[in-house]
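Dear colleague,

Please find the structure below.

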Amino acid sequence: MTADLRRSILAAIARDGSNVAARLAEQHGVSRQSASAWLAKLKREGIITSSGVGRGVRYQLAVSASVQEVYERAGLNEDRVWRGLVAPQLADLPPNVRDVWHYAVTEMVNNAIDHSGSERISVGMVRDALNTSAYVADEGEGIFLKIQRALNLYDPREAILELAKGKLTTDPANHTGEGIFFSSKVMDAFDIRSGKLHFVHDDWGTDVLLERAADAPGTLVLMRLANDSKRTLQEVFDQFAAPEEYTFAKTIVPVKLAQHEGEKLVSRSQAKRLTMRFERFQIVVLDFAGVEEIGQAFADEVFRVFQQAHPGTRLLPINLTPAVEKMVKRALGGGIPKQDHLEEH
Ligand SMILES: Nc1ncnc2c1ncn2[C@@H]1O[C@H](COP(=O)(O)OP(=O)(O)O)[C@@H](O)[C@H]1O
Ligand SMILES: [Mg+2]
């Protein structure tokens, strides 16, 4: 079995554990018997497990490592959690993957130590043949409420917009507000749950907001990364640096996060909410994906009023519908700034 075939089988199982032999047979143009033989081999190797029989059989990736620990917050430091609990489970992964985990785990544990006020902090990690997932949980005030209180926001959902912008800290004397921004971008999946809210940075690189049914105490951060990921910390930092500079100078803001359920972006106050703290960046890419239309006052406030007050910040709108583009052009009194120096986004 080639490494590619093995990966493709494991990916098929990770996607959906049912009907696997039939799906593999179809995908690879082999008989069901051959596909079943592949699955039997991976089972013998202990890489996958199955439950049920016959057509109802379901496959799962086997857990190859699993650790968890509950710590007292007082006196804890993030290096102890990294070296004592997580790093030993990841020793055989490629250096770039270990570096990404080192960064994200220590940043999130440091957050729980410095910001949560919780008595206890739980950290856990699970690994299978494809991915490693980790969580950091506390029983403190909750991240969105803490940010809402510190920034005096009207609605805790605005905390998610602020986190997505980056450079958000409630403790500027001791922190820089980069941990969540970069951790969410180096992972394949990154998810913060707190209260009824849920901040997700998914595999496709977009920030989405889901409401959770039940109020849960504290803050839960979930992260997942492929064990063979090629991503490096440096390339992600570089993506948000200004050209020829090494500092965090550029951000990408999903404008849709400023648009709450059933609302349209029409008012100057919505625009001010969106542009809050933009002046800390040299470049702000405004991603309008999912925003169908905007109002004239909103567009004027962002693209003319804010821009004139803050000439040091370049606003680069992307993913515009024709209706949004018309409003942006009108506010600018002509063309939309060129974005030729932007990489992939
Ligand atoms: N576990 C947590 N509980 C409560 N608030 C948190 C938690 N983690 C992060 N925060 C809040 O989110 C902000 C942003 O976190 P982060 O991006 O790591 O930046 P920094 O730690 O540099 O402030 C923090 O300043 C804090 O207000
Ligand atoms: Mg932090």
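The notes below cover the overall fold and then the nonpolar cores.

This is a predicted model, in which local features need pLDDT of at least 70 and side-chain atom pairs count only at pLDDT 80 or more, while totals for chains, interfaces and linings use all residues. Residues are numbered from 1 along each chain as its sequence is written, and side-chain values use heavy atoms, with hydrogens and water left out.

The protein contains twelve helices and ten strands (DSSP runs: H or I of at least four residues for helices, E of at least two for strands, numbered from the N terminus). Its C-alpha atoms fill a box of roughly 65 × 55 × 45 Å along the principal axes. Of its 345 residues, 49% count as buried, that is, under 20% relative accessible area with a 1.4 Å probe, protein chains only.

The largest nonpolar core has 80 residues, and Trp-101, Phe-144 and Phe-190 are among those with the most contacts inside it. Such a core is a set of buried Ala, Val, Leu, Ile, Met, Phe, Trp, Tyr and Cys residues joined through side-chain atoms within 4.5 Å. Helix α5 (residues 95-115) supplies the largest share of this core, ten residues. At least three residues come from each of domain 2 (65-234) and domain 3 (240-332), with bounds from an automatic or database domain assignment. A second, separate core of 19 residues includes Ile-9, Val-20, Ile-48 and Leu-61.

Leaving aside residues up to four places away in sequence, Phe-190 touches residues including Met-108, Phe-199, His-201 and Met-223 (contact: heavy atoms within 4.5 Å).

With kind regards

Notes:
Chains are lettered from A and ligands numbered from 1 in the order in which they are written. Buried means under 20% relative accessible area, exposed over 50%, partly exposed in between (1.4 Å probe, protein chains only).
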